[in-house]
Amino acid sequence: MPAPSLPTTFTRKRRAPGVGESVLRPDGIPKVKGQFAFSSDAWVEGMVWGRTVRSPYPAARIRGIDVSAAVAMPGVHAVITAEDVWGSPTYGLEHHDQPVFASDVVRYHGEPVAAVAADHPETAQRACAAVVVDYEVLEPLVDAEAAITAAPIHPAGNIFRHVRIRHGDPDAVGEVVVEGTYEVGMQDQAFLGPESGLAVPSEDGGVELYVATQWLHVDRDQIAACLNLPRDKVRLTLAGTGGAFGGREDLSMQIHACLLALKTGKPVKMVYSREESFFGHVHRHPAKLWYRHHATRDGKLVKVETRLVFDGGAYTSSSTAVISNASCFAAGPYLVPNAVVDGYAVRTNNPPCGAMRGFGAVQTSFASEAQMDKLAQELHIDPVELRLRNALKTHDELLTGQVIIGAAPVAECIRACLALPMPEPLSEDAPAMMLPGGAGLTALRDDVRRGVGFAVGFKNLAFSEGFDDYSTARIRLELTPVGDPTATVHVATAEVGQGFVTVAQQIARAELGVHEVVLAAADTQVGSAGSSSASRQTMMSGGAVQAACAAVREVLLERAALELHLAPADLVLEEGELVTKDGRHNVSLVEALKAGPVEATREFHHAPTDPLDENGQGNAHWSFAFAAHRAVVDVDPELGLVRVVQIATAQDIGKALNPLAVTGQVEGGIAQGVGLAVMEEIIVDKGRIRNPSFTDYLLPTALDMPTVVQTWIEQPERGAPYGAKGVGEPPTISSTGAVVAAIRDATRLDLNRIPVRPDDIALAAAPERSR
Amino acid sequence: MTEQTPSDALHDPTTPDGSGREDYPAPGAGPDVLAALESYTLAVNGRDRDVTEAWLGESLLWVLRERLGLPGAKNACEQGECGSCSVLLDGRLVASCCVLAADAVGSQITTVEGLSGEGELSDVQRAFVEEGAVQCGFCTPGLVVAIHDVLHRNPRATELELREAISGDLCRCTGYGRIFAAVRRVQQERAHART
């Protein structure tokens, strides 16, 4: 007998599943069935294919561009260059310094020079090859340190920003001093869904764009300026977004597709290949970092001095904010009374760099955690104990002079992480696949050494430095034709995989006591949600949904109060009905909604922050999140191969709104941290990317991924909905440092560069073994 | 990693004319690429599907997605490295980006859309949803197909065998933890059903 189907009508006593439960994602079923429409799935009758012509040189002068052969090819509808950009010729997140198409000078390998629309992607590819660009090749500026004083390669100069922090007594000296120089390679976000979208010209002379992005409104504003159109004629709708991790904060194909659509009068689809994707988005900044830590004999930090040079590549992107984060969090989650920080983000002819998960804190965490280990060794103190002695807590002061007023459970994270179970020792008969090198079957069991490392990290949540950070939500509550109360949530929040769609439904259900919560398409027909970055959407868009629901509830309470001849304050909304506080009188939601739908739009702004002053001091950040990581690795020192066995982590999350989703964020973030530690690097040689493919840019596979054991510290954050903190970035920040510390433990090598390459271990280890 | 094989104009500017374009016919040298077109029939998810006037260079992935309205197989790398385009070709797991569509004539093709009926979920699909194995979802269809395949061939696969079996399927969001949880659940459910 088939199970009776559940009644679809609203039953007022059924409790809506609320926040704090592992509610399933609403897009899960279409995604497993292959029916979820990603941006590269967009299709419309009569569309043509766009493709980009890119510079093969990192630095060149363009003497001329001849598009005549491409234009003449059958099936080609348009070829456009900088001459066809009728609006602003440049765009950018922080400064509009990046050309839509290079016209006179090319500043990085892969910079767009022209774009083509054709009726078949193969035709478009051949037309791109037929565009003749006359380049005068120049010597690229590829050394970030040299760029600080080199002749400018852009009218705006080579220094994007110098962040100078002088905190406490810059001349303070500790009894014990350790110094080190560190280097971070260029990591790629490697989201799986390539840059793609569909631009459709509209009858009013505007354009509709269906696109995968992180921030619809900032995309729209940049596109509209370059198209010289009013903003309301550029309408963006979020298409299914196959991951982001920071790599979709900057524009990629958006302006090109819109220009081609307006020029041809046809819908234009653009989909980057994986190779093009490596050239089509910004990466994590490579960095060189010098540190000097001062401490007392009993292991209290006295001063941290550091000089950071972040290579921002050819255009600003978000370099100015990345270097600010790197500088503000340069000393890690420790109380440091005195600090001298000079952070530089500079322009070179290397690939442009910008946002990636962790946003500046990743690079400095790797270096400063290595320094803490070095200091522990010098002091003969256990490295975890040294961290505990200096751990930040609420009411402590940061390098910026800001006093933390929210939750800062650093010591709690450290202790909880340490208490997590260790993995089993490597067995004597471990299968070869379990040894470092895995499928290569190269390592010998007896050569393998195990190491354990520890690291702690933190960063800010949401936007900082005086930016008015907000999100907008519109909630409409109404009766369906069959009389069920249904809430529609309209936000422009980019769902990039993180699961905001689930959290939005959970909040609306909890606040309004309804089961049916529909998510309207994210688009620019509602106010900005801000970016899906900085671990901010659960707090910011979650806060907006909560506020808009509260406004809807107010109206319902007023309606019920009128009915019952009471004051709204006498009533509460509880499990689908508006009841007096003594529970004696009630009006059902259905009754209250018979007077018509209730709609409210609200913004959530976090508490204001201040810019940094000339000494890098100020209340620049709103909220912070912390995490501790312990890594266990197996290393074959002779071959330089590493297998990461286990990562244990305790993370400060405020409150888990959806435990299953938090679990996934922590595991996924750790995967990216492990990748940066041991395998992920874009190899840039004289400005040219040498490995733009998943064959040569290695991502952690199911065989590479360690076991993750995790626990959370839940101390509610003030001013955040339900006390929740963002959870996306902390897993990525210090997991890298923990892995490298574990490799150091196994090998006794310094290992001051990530990713740690086999050569860094094998060639360094060789002399020792020969003795 | 010192030298790369040039693969397109962007990749290597060291070709004789400095343009890196030798992979492609010279401009204007040949006829329109769409001038020589073929029509053929593919057997997809148990149905014959006509492909009309198609360029023979099109991959199976592209034809499924763009000509047959089956976008479930995904285009994450289009060079056989990521597994997101996985389909079954006569029951064998293949990367559809690396198969020419016209070469698949006469084979039975099963895509993610063909694994379960309308409104239904396979056990693997259900476990993915309920165990939190889905985040952005771009790798999901390929992984679902690959896990159907490995559990069909090796129902009692050990964790190491499973890890190896899906090591050709890249996931950038999940760190694979919830994916393993989903696979373990399907194995338990199927083992329970066998007893």
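A:Glu577 stands opposite A:Ser588 in β24(A). This is a predicted model: local features need pLDDT of at least 70, side-chain atom pairs count only at pLDDT 80 or more, and totals for chains, interfaces and linings use all residues. Residues are numbered from 1 along each chain as its sequence is written, with chains lettered from A and ligands numbered from 1 in the order in which they are written.

**The sheet in chain A**

Strand β23 (residues 577–580) of chain A pairs with β24(A) in the antiparallel sense, over 3 bridges. Pairing requires at least two DSSP bridges between two strands. Helices (H or I, at least four residues) and strands (E, at least two) are DSSP runs, numbered from the N terminus.

In chain A, 3 strands make an open antiparallel sheet, ordered β22-β23-β24. β22 (571–574) and β24 (586–588) of chain A are the edge strands; each has a single partner strand, so one side of each lacks a neighbour in the sheet. On average, neighbouring strands of this sheet are turned by 20 degrees against each other, direction ignored.

Helix α13 (residues 537–564) of chain A packs on the sheet and touches β22, β23 and β24 of chain A. Its direction makes about 125 degrees with that of β22(A). Axes are lines fitted to C-alpha atoms, for helices over the stretch in contact; angles run from 0 to 180 degrees between N-to-C directions. Contact means C-beta atoms, placed from the backbone, within 7 Å.

**The contact between chains A and B**

Chain B gives 61 residues to the contact and chain A gives 71 residues. The side of chain B that touches chain A takes two or more residues from each of these elements:

| Element | Residues |
|---|---|
| α2 of chain B | 123–130 |
| α3 of chain B | 140–153 |
| α4 of chain B | 159–165 |
| α5 of chain B | 177–194 |

The largest share of that side, 4 residues, comes from α2(B).

Methods. Contact = placed C-beta atoms within 7 Å.
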